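Let's walk through how two chains meet in this model. Have the structure open while you read.

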Amino acid sequence: MEGVYVTIGLEVHCQLLTQAKMFCRCSTDYIGKTPNTLVCPVCMGLPGALPVLNRKALELAIKTALALRCEILPEVVFHRKNYFYPDLPKGYQISQYDFPIGVRGVLEFALEGERRKVRIRRVHVEEDAGKLVHEGLGVERNVSGVDFNRAGIPLVEIVTEPDLHSPEEAKECLIMLRSIVRYLGVSDGNMEEGSLRCDANVSVSLSPDTQGAKVEIKNMNSFRSVFRALSYEVERQAALLREGKFPVQETRHWDEVRQVTVPSRGKEEAEDYRYFPDPDLLPFRIPQDMLEEIKATIPELPLQKKERFMREYELAEPEAHILVQDKDLAEFFEACVREFPAPRTVCNFVLTEVLKNLNAFNMTIRESKVTPGMLAELLRMVERKEIGISLAKGIFEEMFATGMSAREVMAKKGISFLTSERDLEKIVRQVIEENPQSVADYLGGKDKALHFLIGQVMKVTKGQANPEVVKNLLLRELTSGE
Amino acid sequence: MPGHVSLEEVRKIAQLAKLSFSEEELTRFFQDISDIIAHFEKLNELDLEDVSPTSHISWSQPPMNPDEPVDWQGSDLVLKHAPCAAGRYFIVPKVVEKEEKLS
């Protein structure tokens with residue numbers, strides 16, 4: 001928008017991929033579990049229970065901060081953030097305050113192929129709250145139920161500086177952040193299931209020299225809703241400013257149904273969390289060797305991988321961009337290229353057929369039964385002209401559905417080498433030669449003659465050829481013979 | 001202002017802690033808290049220019065848990081002793097706001 005200056009900062013929470021909770025040994029595998037079964041005196045805040053830090057949670061938080069190029073603060077100090085809410089059993093959340101794990105980092109991402117940067121203000125670790133349910137077994141209409149299975153799962157909170165200047169940038173930045181936490185294996189980054197949550201601060205001004213009011217947006221449960229909520233909010237604030245009014249500094253909720261943001265009914269008064277160091281948890285220094293060990297586990301990150309793919313495999317930016325968003329997909333691609341060194345062919349097939357089939361079955365590449373070796377074999381058969389590309393696509397679908405190799409699919413479907421494209425070509429030419437009248441009829445405009453010719457090819461192949469392939473081959477031969 | 005607390009602040013602290021007191025009680029707490037703060041004011045007489053803030057006196061490596069889940073069998077008992085429970089849920093007055101409070 002012309003003359004509208006947008007400033008956005010993000011606050012992202014990711015559930016860390018530990019097996020046990022942050023300060024007790026309850027399982028974190030809470031999705032779909034019977035309410036209040038993954039609980040203990042610590043995560044339910046029973047009197048006298050003492051928290052003991054899960055080493056892995058700390059390691060994953062440090063790994064996140066390192067990957068975001070943060071300075072790691074040498075001391076780990078936990079604070080109590082005090083507030084009352086039914087999903088918070090202790091009356092406080094164990095969090096971090098003036099000594100977060102990491103500060104002053106940088107996150108790089110790309111918007112339409114162009115490198116962008118957002119500064120990271122802080123990365124800290126804290127515990128998740130329980131879940132409130134408004135309907136369920138035993139939960140009457142006038143009450144709410146509390147399930148503490150989620151309470152105490154470790155979270156990493158990542159706060160950016162307000163360096164983003166459009167909803168598009170904010171969305172791409174968030175997608176990159178998800179990609180990074182997945183690459184690192186620190187979180188599964190699933191917004192729909194709530195293992196990645198994002199709040200945003202937006203301010204809009206009509207002049208580059210003034211700052212608008214900071215409005216916090218919550219309740220955005222997908223990348224699309226982040227984009228839509230921010231777009232709506234920018235528009236809303238800009239409209240107010242144009243009328244000479246000023247937006248109020250407040251927290252607003254994204255209403256997914258109505259596609260609008262609405263003011264939160266929360267307390268008007270500023271929150272006062274009365275942070276203080278948790279006396280149950282000793283502050284400690286991160287041992288240098290622990291830092292070094294964690295550093296060594298950080299893999300190549302998405303942006304570096306994309307640039308390497310563009311350099312090494314001569315892929316275009318948009319293709320490389322899609323490939324590297326999913327680390328497993330990028331690895332599948334590379335493994336396939338190792339066996340069939342034609343990167344662009346592999347890339348095309350992966351971005352079209354592989355993704356199409358994954359989406360159709362709502363699967364990830366990790367769940368796919370097709371190995372990189374199996375795809376390489378299929379592509380080799382196309383290269384040797386044993387089969388055509390359209391037949392290859394059909395075979396791939398079958399491979400994907402059954403886990404069979406390309407040759408197994410061909411055997412099962414009765415697609416012998418006779419019906420492979422190279423052999424079919426011979427039969428097609430033979431049929432053309434033997435039926436000059438039909439050829440003349442077709443070229444004279446009688447479409448029906450083509451069906452007769454297809455039928456002849458099918459007869460010779462005893463019905464084993466793919467009629468679509470036969471038709472295409474016939475058309476190619478007939479038109480090239482003109 | 002260091003070393004002082006107002007009656008209003010005491011009222012606010014009580015409110016944040018979800019505690020309600022009579023005016024008499026508030027006045028008493030106001031007096032007590034003022035005395036406690038005055039006592040701690042003595043620390044300001046020390047020159048602590050070169051001392052970094054200390055949140056705990058111990059700096060040893062604390063014990064940490066391995067990342068291996070362990071079942072706890074007492075949840076039924078906790079539900080049984082809860083002020084209000086139904087099914088497998090702890091029951092609380094209706095929470096109107098949809099948001100899950102966490103930031």
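## The contact between the chains

Chain A puts 75 residues into the contact and chain B puts in 41, with contact meaning heavy atoms within 4.5 Å. The area buried between chain A and chain B comes to about 5200 Å², and carbon and sulfur atoms supply 59% of that. Buried area here is the accessible area (1.4 Å probe) that two parts lose on being put together, summed over both.

A bit of housekeeping: this is a predicted model, so local features need pLDDT of at least 70 and side-chain atom pairs count only at pLDDT 80 or more, while totals for chains, interfaces and linings use all residues. Residues are numbered from 1 along each chain as its sequence is written, chains are lettered from A and ligands numbered from 1 in the order in which they are written, and side-chain values use heavy atoms, leaving out hydrogens and water.

## Charges and polar pairs

There are two salt bridges between chain A and chain B (a side-chain nitrogen of Lys or Arg within 4 Å of a carboxyl oxygen of Asp or Glu). B:Lys12 makes a salt bridge with A:Asp272, with 3.2 Å between the closest N and O atoms.

On the chain A side that touches chain B, β9(A) gives the largest share, five residues. Sorted by type, the residues on that side are 34 nonpolar, 18 polar and 23 charged; Ala, Val, Leu, Ile, Met, Phe, Trp, Tyr, Cys and Pro count as nonpolar, Asp, Glu, Lys and Arg as charged, and the others, Gly among them, as polar.

## A sheet across the two chains

β9(A) also pairs with strand β2 (residues 89-93) of chain B, antiparallel and over four bridges. Strands are DSSP runs (E, at least two residues), numbered from the N terminus, and two of them pair if DSSP finds at least two bridges between them. Within this pairing, A:Ser144 sits opposite B:Val92 in β2(B).

Zoom out and you get an open sheet of four strands in the order β8(A)-β9(A)-β2(B)-β1(B), paired antiparallel. β8 of chain A and β1 (85-86) of chain B are at the edges with a single partner strand each, so one side of each has no neighbour in the sheet.
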